Structure formats: structure tokens, C-alpha cells
Amino acid sequence: MASILHQIEINSPDQTANLAISLGQILKAGDCLLLVGSVGAGKSLFARALIQSLQDTPEDVPSPTFTIIQTYETKLGDLWHCDLYRISSPHEVIELGLDDAMATAVTLIEWPENLADLTPPDALTIRINDLGGDVRKLSFESTDSAWAAPLEKAFENAI
């Protein structure tokens, strides 16, 4: 069962982006972030800020809603940004090669419930709850306590 490692309420898209940028500084190859939230909660905004912070020359980062997977070359190596909203079975995840990428690349996965049994046990889940207007509550959860110390560092740098 996942434990809540940290929670924070933020009041603007800029604060969301700053938090994502700080989180990007603690990531390494093989880390998997699961972005959970309703449509419009800010999952893609969070992912875009994180991805661009890891690029030598920030490029356009579109939502992968229709492409399902967008890959980027970053300072950490390959980064996969995935939107699994249209995935109907874990078998499709394997066909896309995402199961292998989760072991070797940084992966940001929107709609991770569609991973089912393929969800990495050491993934970090980021729940984004829209509280109205620009206010969001973010919860960082994992079954892997190894995330606790790096998250504290990220939050110190973000706030």
C-alpha cells in the first residue's frame, strides 16, 4: 500500500511548474512518475515543466493524448511522456515498449491506472486534485520509502 510522502497546496500554474522543475532535479534513469488527476487538473502542465527543465534547449512539449507516447532526449537520457487514456489493455503497453522504458528511462505516465499489473512497485504517484480556480492539492505517494529524502530536497528547492 502506498504511503503519502508529502502533500502541498499550490495556488498558481507557476507554482505547479516550479515544483515540477524541482522534482526534475532529483530524478534518475529508471524513475517512473505516475500522474493522476481529472481532465484539466494540470498533469500535462506538470509534465511539460519537468521535461523542459531537463532539456539543454527546451522544446515544445505537446500533450501525448493522441500520440500516446512522446520521447525526449534530456540530461538524464531518454524520457518518455505517456498518456494511457486511450489504452484498453496492459498488452498494448507492452506493444508500445513502455514496460522496457520504465526500467531504463525516466517515464511520466498520465492515466497510469491503465498499466494494471505493469505498474512499477517503486513508482512515485503524484495525485493532482483541482480545488477550484488555480488551486491544486498535490499528494506524492509511493510504496518505496527511498523517495522520501529526495522529495524533501525537491520541496526545499521549490518553495
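## A sheet, a helix and a pocket

In strand E6, Thr125 is the bridge partner of Leu34. A word of caution before we go on: the model you are looking at is predicted.

Let us step back to the whole chain. The protein contains five helices and seven strands.

In what order do the seven strands lie in the open sheet? The order is E1-E7-E6-E2-E5-E4-E3, and the pairing is mixed. Strand E1 (3-10) and strand E3 (69-74) are the edge strands, each pairing on one side only. On average, neighbouring strands of this sheet are turned by 15° against each other, with direction ignored.

Helix H2 (residues 43-53) packs on the sheet, where it touches E2, E3, strand E4 (77-83), strand E5 (106-110), E6 and E7. The direction of H2 makes about 165° with that of E5.

Here are some of the strand pairs, with their sense and their bridges:

| Strand pair | Sense | Bridges |
|---|---|---|
| E1 and E7 | antiparallel | seven bridges |
| E2 and E6 | parallel | four bridges |
| E6 and E7 | antiparallel | seven bridges |

Ile10 has Arg136 in E7 as its bridge partner, and Asn129 stands opposite Lys137 in E7. Strands E6 and E7 form a hairpin with two residues between them. In the turn of this hairpin sits Gly133, which has a positive phi of about 60°.

Finally, let us look for empty space. Rolling a probe the size of a water molecule over the atoms shows where such space is left. The largest pocket holds about 210 Å³ of space. Which residues of its lining are closest to the centre of the largest pocket? They are Leu34, Pro112, Thr119, Thr125 and Arg127, out of 15 residues that line it.

By residue type, the lining divides into eight nonpolar, four polar and three charged residues.

Note on methods:
Residues numbered from 1 in each chain as written. Predicted model: local features only at pLDDT ≥ 70, side-chain atom pairs only at ≥ 80, totals over all residues. Heavy atoms only, no water. 1 Å grid on protein atoms, 1.4 Å probe; cavity = no way out; pocket = protein on both sides within 12 Å on 5 of 7 lines; lining within 4 Å. Points joined across faces, edges and corners; volume = space filled by probe spheres on them. Nonpolar A, V, L, I, M, F, W, Y, C, P; charged D, E, K, R; others polar. Pairing = 2+ DSSP bridges. Axes fitted to C-alpha atoms, helices over the stretch in contact; angles between N-to-C directions. Contact = heavy atoms within 4.5 Å.
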